[in-house]
Amino acid sequence: MGIEVVVEGLTKSFGKQNIWQDVTLTLPAGEVSVMLGPSGTGKTVFLKSLVGLLKPERGRVLINGVDMVNSPERDIYETRKLFGLMFQDGALFGSMSLFDNIAFPLREHTRRKESEIRRTVMERIEVVGLLGSEGKLPGEISGGMRKRAGLARALVLDPQIILCDEPDSGLDPVRTAYLSQLLIDLNAQIDATMLIVTHNLDIAATVPDNMGMLFRRELVTFGPREVLLTSDEPVVAQFLGGRREGPIGMSEEKDAATLAAEAAGAAGRPDAPRAIVPQLQPSPGLPPRQAVARRRERVLSLLGTLPPAARTAIRDTYAKDAAAPTLTVPRAGSGS
Ligand SMILES: Nc1ncnc2c1ncn2[C@@H]1O[C@H](COP(=O)(O)OP(=O)(O)OP(=O)(O)O)[C@@H](O)[C@H]1O
């Protein structure tokens with residue numbers, strides 16, 4: 001089972017530039033979470049801080065009792081082995097075949113025999129739908145395939161925590177739908193704790209159990225998906241609606257005069273109602289996600305602390321659970 005990640009009062013600056021402050025949240029064990037936020041709000045910096053690659057100046061990131069910010073470097077190094085990291089560009093070595101790229105962490109960090117390495121690599125290649133392409137170079141395959149190869153590489157050391165940085169960037173909507181399904185299938189198969197950074201509203205609406213958003217150097221919110229999806233915080237509503245009107249501007253923040261002019265223009269124009277679409281289910285033939293039952297118990301115990309709209313949405317979701325339509329697409333093939 002995945003491991004809980006507890007973030008407490010995390011603050012990160014580069015020189016005088018504060019990126020975010022006092023970020024506190026818990027990634028529940030084995031659940032899938034998404035972090036949203038306009039460009040430049042420090043989502044990648046957040047992922048790197050979780051894994052101890054960047055050092056926040058305040059706060060803690062607790063994983064199995066190890067603090068990824070303040071513990072001795074050797075404890076951080078050991079704990080880092082629990083992570084699988086998928087970066088934006090797949091971060092593959094251009095001169096190595098997909099097989100060798102995916103085998104790289106095993107050859108680097110374990111003393112496994114080549115026959116064992118081959119078995120693990122081929123299993124992961126199958127999970128991400130790349131069988132038959134293992135001999136190709138990264139430059140010979142599409143962007144979607146490179147992303148899946150990056151995901152396969154993130155999986156070879158049997159991670160219990162998976163961090164994906166914009167796994168959808170550069171993908172068309174169909175490939176993004178396949179990728180969403182792949183992430184849910186993966187969670188059903190390995191029950192790892194997952195955090196996905198994305199700008200993609202379809203992924204945000206259909207994949208996670210929990211959602212958060214960073215804006216203006218703060219964590220606006222983090223919690224069960226229904227909290228963000230029903231939030232009337234202007235920044236959340238603007239982001240989820242993909243609108244120009246609202247606090248998010250081209251250079252992240254708008255000035256007061258622009259906001260006032262927009263508010264006057266938008267007066268009387270109601271927001272379109274936001275529907276909560278069902279979360280994706282694992283593909284047929286896969287086991288159910290173990291996180292679902294744990295999440296249900298956790299979220300129902302939180303219910304009294306949540307805003308009324310989120311409470312209603314959660315009750316509706318669980319009431320409809322048995323009859324809910326499942327949104328499944330076929331498992332990813334090797335052609336994207
Ligand atoms: N190593 C670094 N040194 C100095 N500044 C950095 C460093 N890494 C990131 N930053 C700054 O931190 C800020 C946040 O960057 P980050 O890449 O985390 O944003 P993001 O939310 O992931 O953006 P996007 O959605 O566009 O990928 C940026 O202003 C960036 O320039």
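**Close-up 1. Asp191, in the loop between α6 and β8.** Asp191 of this predicted model sits in the loop that links α6 (173–190) to β8 (193–197). It has 19 C-beta neighbours inside 10 Å, so Asp191 counts as partly exposed. The cut-off for a buried residue is 20 or more. Look at the backbone too: Asp191 isn't a glycine, yet its phi is positive, about 55°.

**Close-up 2. Asp158, in the loop between α5 and β7.** Is Asp158 buried or exposed? Asp158 counts as exposed, because it has 12 C-beta neighbours inside 10 Å. Its phi is near 50°, a positive value in a residue other than glycine.

**Close-up 3. The sheet that contains β8 and β7.** Six strands line up here as β6-β7-β8-β3-β9-β10, making an open sheet with mixed pairing. At the edges stand β6 (83–86) and β10, and each has a single partner strand, so one side of each is left without a neighbour in the sheet. On average, neighbouring strands of this sheet are turned by 15° against each other, direction ignored. As background, strands of a sheet pair through backbone hydrogen bonds, either parallel or antiparallel. You can find a parallel pair in β3 (residues 32–36) and β9, which share 4 bridges. In that pair, Val34 stands opposite Met211 of β9.

**Close-up 4. The hairpin of β9 and β10.** Phe215 has Glu218 of β10 as its bridge partner. Although β10 is an edge strand with a single partner, 5 of the 7 residues of β10 (residues 218–224) are buried, so the strand is largely enclosed by the rest of the structure.

**Close-up 5. The sheet of β2, β1, β4 and β5.** This open sheet has 4 strands, in the order β2-β1-β4-β5, and its pairing is antiparallel. The edge strands are β2 (17–27) and β5 (66–67); each has a single partner strand, so one side of each is left without a neighbour in the sheet. Between β1 and β2 there are 7 bridges, in the antiparallel sense, and Lys12 stands opposite Trp20 in β2. These two strands form a hairpin with 2 residues between them, where Gly15 takes a positive phi near 60°. On to β4: strand β1 (residues 5–14) runs antiparallel to β4 (residues 58–63), and 4 bridges join them. For Val6, the bridge partner in β4 is Leu62. Helix α1 lies across β1, β2 and β4, running at about 125° to β1.

**Close-up 6. The shell around the ligand.** Which residues are around the ligand? They are Phe14, Ile19, Gly37, Ser39, Gly40, Thr41, Gly42, Lys43, Thr44 and Val45. Helix α1 (residues 43–50) gives the most to this shell, with 3 residues. Sorted by class, the shell has 3 nonpolar, 6 polar and 1 charged residues.

**Close-up 7. Leu163 and the largest nonpolar core.** Now for the inside of the chain. The largest nonpolar core has 80 residues, and Leu163 is among those with the most contacts inside it, along with Ile102, Ala152, Leu183 and Ile196. Leaving out residues up to four places away in sequence, Leu163 touches Leu47, Leu50, Val51, Phe83, Leu85 and Leu195.

**Close-up 8. Arg107, in helix α3.** Last stop: Arg107, which is part of α3 (residues 98–109). With 14 C-beta neighbours inside 10 Å, Arg107 counts as partly exposed. From C-alpha to C-alpha, Arg107 and Met145 are 22 Å apart in space, and 38 residues separate them in sequence. If you step back to the whole chain, it comes to 12 helices and 12 strands, and 43% of its 336 residues count as buried.

Notes
Residues numbered from 1 in each chain as written. Predicted model: local features only at pLDDT ≥ 70, side-chain atom pairs only at ≥ 80, totals over all residues. Near = placed C-beta within 6 Å. Nonpolar A, V, L, I, M, F, W, Y, C, P; charged D, E, K, R; others polar. Pairing = 2+ DSSP bridges. Contact = placed C-beta atoms within 7 Å. Axes fitted to C-alpha atoms, helices over the stretch in contact; angles between N-to-C directions. Core = buried A, V, L, I, M, F, W, Y, C linked by C-beta atoms within 7 Å.
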